[in-house]
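Trainee: Hi! Could you walk me through a structure that is new to me?
Mentor: Happy to. Have a look here.

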Amino acid sequence: MARRLAASAPAAEGRSGVLKIVAALAVVLAAQALLALCLVSAQQLLVPRNMPFGVTGPPSPVVAAVASRAGLDLTSYPNESAVMDAANQGELYGAYLSEGSSDTLVVVPAKSFFAQTELEPAFLAAAHKLGRPVTVQEVAPLTSEDPIGAVTSLLLLPLLIGGYLAAVLVFKAAHGVAAAPWRAAILIGYALVGALLTDLIAGPGIGAYSSSHFWPLLPCFWLITSAVALAAAAVQALVGKLGTLLVAVLFIVIGGPPAGGLGTYLLPVYWRNIGVLLPPQSAVTLVNHVLYFDGNDISTPLVVLFLYAAAGTAVIAWFGRIRPAGRANTAGGPEPQTPPGDAPSTPGRRRAVIGMLVALGICAVMQSLFATTYMSAGHAPKASNLPFGVVGSSPVLAAAEKNISLKVTQYPNEAAAKTAMDEARVYGALVSSGGTNTLIVVPSLSDLAPLDLAVRFEEAARATGQKVKVQQYAPHPLAAKDPFGLVQALMLVPLLIGGYMSSTLLMAATGRAAGRWRAAQLAGFAVISGLVIDLIVCYWLEGFPSSKFWIVWPICSLIVAVVAFVAAILQKLLGPIGTLVTIVAMILLGNPSSGGASGVPYLPAFWRDLGPYLPPRNGYILLHHTIYFDGHGTSQALINLLIYLGVAAAVLIVLDLRRTEAKVPTDATEAAAVSVPIGAVP
């Protein structure tokens with residue numbers, strides 16, 4: 001009997017270990033799937049939906065023609081002054097002034113750059129068709145430091161993640177006591193430090209906005225970070241460790257995508273309504289209106305953020321002071337005191353304080369990195385050596401090159417230029433023949449280049465007295481539900497996060513940074529997670545053509561496996577800090593240098609040169625070019641990823657065969673909570 005019991009103990013322990021591994025990977029898969037679903041469904045189809053739009057003057061057939069097919073919510077104003085006041089206060093995305101013999105279209109780029117690119121062409125085309133002269137007037141124009149209105153979204157990243165991480169790391173440093181009476185004061189104090197760092201880096205440091213906005217934005221940043229941190233700490237007090245994961249899901253995975261940095265009324269209606277209830281959307285509105293609308297119309301976001309901060313403070317106070325005091329009074333005596341013999345020693349208190357400072361220091365570093373990397377890479381995209389084809393000769397090209405940096409290749413005819421476009425070698429071409437100029441752009445290669453090229457060449461044509469016709473060309477048209485070509489950049493994020501989360505939660509579940517079957521476990525997870533992301537984005541969300549489903553699956557799995565193997569090696573060598581190093585390499589350096597939907601030529605030099613050495617850019621190019629360019633231009637990306645995979649797998653297998661392995665004290669809930677949001681780009 002004793003022998004049978006002794007023999008069954010290892011078997012039971014083995015079954016328990018397998019269940020822990022399966023449960024950990026299931027958590028990763030669920031988080032990865034939810035993140036992909038939220039990110040892609042919220043931002044894949046950015047079109048006007050009930051968009052506030054002002055009109056004045058007699059009813060215009062131009063407005064009627066556009067409103068019949070665009071999602072505009074028309075509001076009539078008594079006169080031009082009233083409608084302009086509303087536009088200047090950020091209440092409208094645009095307006096149409098119908099006046100006698102000519103009309104005026106008012107656009108508000110600071111409200112949404114993407115909305116302007118939708119509204120302006122639609123109104124100009126309708127006016128031209130109906131024979132109505134129209135003048136375009138800009139209100140609240142974007143600055144040269146923020147030409148596409150990306151700064152607001154990029155500012156949300158460090159503020160949101162900084163506040164969340166502060167709550168998580170302070171909770172950990174305090175050994176899980178989420179409602180200590182001093183918690184609120186520490187988080188509010190850190191929020192001020194994090195806000196100041198973000199303001200210094202983004203403003204004076206990078207120059208994403210003028211120095212005149214430094215002081216007006218500082219209290220906004222402080223409030224946003226405080227609201228997130230205090231609300232997170234309050235949920236931790238109510239729920240415990242699971243509260244950490246709950247806040248990550250609510251505030252970042254679900255709350256981040258509908259923040260509306262590209263325009264709230266471009267979001268699907270249900271996402272816009274969800275966003276109203278959570279801090280990120282209020283934070284974006286607050287920052288945007290302080291930056292571009294002199295702080296007008298910010299009452300609602302201020303109330304929402306203050307309510308989150310006040311509710312968080314109240315819950316922390318209740319659990320930290322009021323409830324313990326009430327229990328002591330109910331017992332008929334003073335609150336029990338810790339016996340002198342059990343009081344923390346001075347060295348113990350010193351260690352606790354040092355631990356808290358280290359935790360907040362790590363948080364400050366991460367917040368500063370998010371403020372630096374994404375902002376420097378994306379706040380002012382400007383083409384540099386943009387590959388461009390030319391057929392024939394025209395003075396328009398020389399005039400255009402004064403305002404846009406092109407890497408020009410001469411082609412003998414239009415067919416040769418289109419072959420280069422088919423193979424993703426050029427972003428457009430100018431075809432000049434018989435005194436006519438045709439600019440061909442490739443919308444499936446970049447969301448920004450077609451508009452950029454069209455604007456520059458039309459300006460050049462006017463300057464030289466020429467005419468230019470803009471024509472779109474794509475080897476494979478963009479999916480109907482991805483008109484801007486954003487989906488591959490969005491789906492890359494959950495693939496990267498799923499990679500390092502799988503390794504991190506396996507480490508947490510097993511208590512070890514490696515194991516004899518770790519490489520096989522990660523490879524199996526990569527195959528399944530690649531399939532799940534492929535199914536969600538392709539068939540559920542229709543983010544790319546279904547004919548590409550089977551080839552996209554192995555690409556998704558390859559990206560997940562590469563990141564997972566790299567994370568496992570770093571965790572084996574560095575312990576839990578290896579997760580942090582992986583996040584820095586893949587999310588803070590790799591993702592900004594991928595080029596994304598705009599394309600590598602729009603990256604600053606540092607990010608352009610860094611990208612080829614990291615998996616995210618190679619993964620994006622392989623994914624995107626396979627879907628829309630039949631795999632052309634993917635050889636280098638595929639080779640780089642396979643080298644990463646082969647080398648990492650070999651190293652991991654060698655490390656896993658080592659029998660001596662120190663245990664890693666990592667809590668699975670905490671590991672999941674920290675890993676999920678750190679890469680969830682709003």
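Trainee: What should I know before I start?
Mentor: This is a predicted model, where local features need pLDDT of at least 70 and side-chain atom pairs count only at pLDDT 80 or more, while totals for chains, interfaces and linings use all residues. Residues are numbered from 1 along each chain as its sequence is written, and side-chain values use heavy atoms, with hydrogens and water left out.

Trainee: Okay. How many helices and strands are in the chain?
Mentor: The chain has 23 helices and 10 strands. Helices (H or I, at least four residues) and strands (E, at least two) are DSSP runs, numbered from the N terminus.

Trainee: And what share of the residues count as buried?
Mentor: Of the 682 residues, 54% count as buried. Buried means under 20% relative accessible area, exposed means over 50%, and partly exposed is in between, with a 1.4 Å probe and protein chains only.

Trainee: What about contacts between residues at least 6 apart in sequence?
Mentor: Among those contacts, 73% join residues at least 24 apart. Contact means heavy atoms within 4.5 Å.

Trainee: At what angle do α16 and α17 pack?
Mentor: Helix α16 (residues 487–510) and helix α17 (residues 518–540) pack at about 150°, with axes 10 Å apart. That makes α16 roughly antiparallel to α17. As for the cut-offs, angles under 35 degrees count as roughly parallel, over 145 as roughly antiparallel, 65 to 115 as roughly perpendicular and the rest as oblique.

Trainee: Which residues of α16 and α17 make the contact?
Mentor: Among them are V487, M491, L495 and L506 of α16, with L522, F525 and I533 of α17. By class, the contact of α16 with α17 has 10 nonpolar, 5 polar and 1 charged residues. Ala, Val, Leu, Ile, Met, Phe, Trp, Tyr, Cys and Pro count as nonpolar, Asp, Glu, Lys and Arg as charged, and the others, Gly among them, as polar.

Trainee: How does α16 pack with α21?
Mentor: α16 and α21 pack at an angle of about 135°, with their axes 10 Å apart. That makes α16 oblique to α21. The contact includes M491, L492 and L496 of α16 and Y620, L623 and I627 of α21. By class, this contact has 9 nonpolar, 2 polar and no charged residues.

Trainee: Is α21 itself mostly enclosed or open?
Mentor: 14 of the 14 residues of α21 are buried, so α21 is largely enclosed by the rest of the structure. Helix α21 covers residues 615–628 and is followed by D630, whose phi is positive, near 55°.

Trainee: What about α18 and α22?
Mentor: The axes of helix α18 (residues 549–574) and helix α22 (residues 635–656) come within 9 Å and cross at roughly 40°. That makes α18 oblique to α22. The residues in contact include F565 and I569 of α18 and L645 and L652 of α22. By class, the contact of α18 with α22 has 18 nonpolar, no polar and 1 charged residues.

Trainee: Last topic: what is the phi of N385?
Mentor: N385 has a positive phi of about 55° although it is not a glycine. N385 sits in the loop between α12 (346–378) and β6 (386–391), and counts as partly exposed at 45% relative accessibility.

Trainee: And is A424 buried or exposed?
Mentor: A424 counts as buried, at 17% relative accessibility. A424 is in the loop between α14 (414–422) and β8 (428–433), and has a positive phi of about 60° although it is not a glycine.

Notes:
Axes fitted to C-alpha atoms, helices over the stretch in contact; angles between N-to-C directions. Expected span 1.5 Å × (residues − 1).
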